[in-house]
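Thanks, everyone. I'll keep this short. Please bring up the structure and we'll start from the middle.

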Amino acid sequence: MSVVEPPPIIQPSGYACIECGYDLSGTAIGGQCPECGRATVDSLRAQNVQTPTSSLPITAMVLGIVSVVSLVVCVPLIICGPFALGLGWKAHRDIRSGAIVGSTGMAMAGMAMGGISSALLAFFIVLGFVAFTAHGF
Ligand SMILES: [Zn+2]
């Protein structure tokens with residue numbers, strides 16, 4: 001399964017490529033200059049443009065927080081852990097490749113917390129399985 005998000009488009013506001021000066025209006029923010037191939041994000045950052053942030057990293061971080069909090073308040077919510085891990089990984093990879101713009105810190109926070117919760121979830125499953133087989137309900 002592959003979820004393809006439509007890339008955000010640069011609004012027609014006269015931002016030019018820092019490499020060749022090409023007008024980048026209408027090109028994808030995560031894409032490249034049609035003229036010279038330079039990543040459009042480079043040009044936007046050089047001109048201090050606020051690039052729209054993908055919701056993926058923050059979603060991963062929030063799921064990670066929920067999964068960690070769930071350890072204390074409500075164990076079934078720990079199921080968010082693997083999703084936080086997966087989304088965080090995807091977000092981190094997409095940010096690195098320039099496909100999306102966002103915070104790698106949040107993506108990594110999601111991955112880290114999701115990883116901890118996933119490990120504990122696996123531990124609980126094993127624990128439950130052992131208890132189940134030992135007592136033979
Ligand atoms: Zn260019």
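This is a predicted model. Let's begin with the largest nonpolar core, which has 21 residues. Six of them touch the most other members: Ala60, Leu63, Ala84, Leu87, Ala91 and Ala107. Which elements give two or more residues to this core? They are α2, residues 56–73, then α3, and α4, residues 104–135. As a general point, nonpolar side chains tend to be buried together in soluble globular proteins.

What does Leu63 touch, leaving out residues up to four places away in sequence? Cys80, Phe83, Ala84 and Leu87 are on the list, and so are Gly110 and Gly114.

Next, α3 itself. Helix α3 covers residues 80–97, which is 18 residues. From first C-alpha to last, α3 reaches 25 Å. That is close to the 26 Å expected at 1.5 Å a residue.

Now step back to the whole chain. There are four helices and zero strands. From the N terminus, the order reads α-α-α-α. The protein chain has 137 residues, and 31% of them count as buried. Last, the contacts. Take those with a separation of 6 or more: residues 24 or more positions apart account for 51% of them.

That's my tour. Thank you.

Notes
Residues are numbered from 1 along each chain as its sequence is written. This is a predicted model: local features need pLDDT of at least 70, side-chain atom pairs count only at pLDDT 80 or more; totals for chains, interfaces and linings use all residues. A residue is buried if 20 or more other C-beta atoms lie within 10 Å of its own, exposed if 12 or fewer, and partly exposed in between; C-beta atoms are placed from the backbone. Two residues are in contact if their C-beta atoms, placed from the backbone, lie within 7 Å. The expected span of a helix is 1.5 Å times one less than its number of residues. A nonpolar core is a set of buried Ala, Val, Leu, Ile, Met, Phe, Trp, Tyr and Cys residues joined through C-beta atoms within 7 Å.
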